[in-house]
Amino acid sequence: KSTFSFSTIEQQMITYNGDNNKISMVKLNGATDPASDGVNLTGLDLYGEDIFDNALSGNTHSGSAMLNELLTVHAKINACDAHWLSSDGITVSDTAHETVVMAETKIGSKQQLYTSVKEMLEKQDTNITNDITNVSGADVAQLATKLMELTTLYNMALSLGGRILPQSLADYL
């Protein structure tokens, strides 16, 4: 006869009840690709939807399991279970921290990309506005006269160059 004893902790279960809609900003023409076009993360991306989303179940570890595990850490801290906290507790906390940091990194890199694109477009807007101002403020009659003068000088230079330079083989034929 074998006797087993189990210790349990009281714990709340977290479930995500929000939507899974992404804000999409298409960077190229064509079909949308939420993985690369998504601007935001949804609750499911960060918190998951199943408490059994972890490596032991064969599923990708997601936030809902992470939050439930953090509730376990909280209960173990309140129960002063130093042995569990020094072994499993550290692993659970590190995994939860990694999930949040990865999400922050993903959003931060997209924000930096959009900020640099915004700055580039603002600079181009200033340059184009200056070009439009310069073109619209030009004296058309003066420019036409200058163009005719330069065209005449160019033709004269070609004519003079043809007289000074030695004749080519084609001229003899």
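Is Ile-77 buried, partly exposed or exposed? Before I answer, please keep in mind that this is a predicted model, in which local features need pLDDT of at least 70 and side-chain atom pairs count only at pLDDT 80 or more, while totals for chains, interfaces and linings use all residues. Residues are numbered from 1 along each chain as its sequence is written, and side-chain values use heavy atoms, with hydrogens and water left out.

Ile-77 is partly exposed, because its relative accessible area is 48%, and that term covers the range between buried, under 20%, and exposed, over 50%, with a 1.4 Å probe and protein chains only. Ile-77 sits in helix H3, residues 63-78, where a helix is a DSSP run of H or I with at least four residues, a strand is a run of E with at least two, and numbering starts at the N terminus. The C-alpha atom of Ile-77 is separated by 9.2 Å from that of Gly-89, which is 12 residues away along the chain.

Turning to helix H4, residues 82-136, we find Leu-121 there, and Leu-121 is likewise partly exposed, since its relative accessible area is 46%.

As for the whole chain, there are 6 helices and 0 strands, which read along the sequence as α-α-α-α-α-α. Of the 173 residues in the chain, 15% are buried. Among contacts, meaning heavy atoms within 4.5 Å, those with a separation of 6 or more come to 39% from residues 24 or more positions apart.
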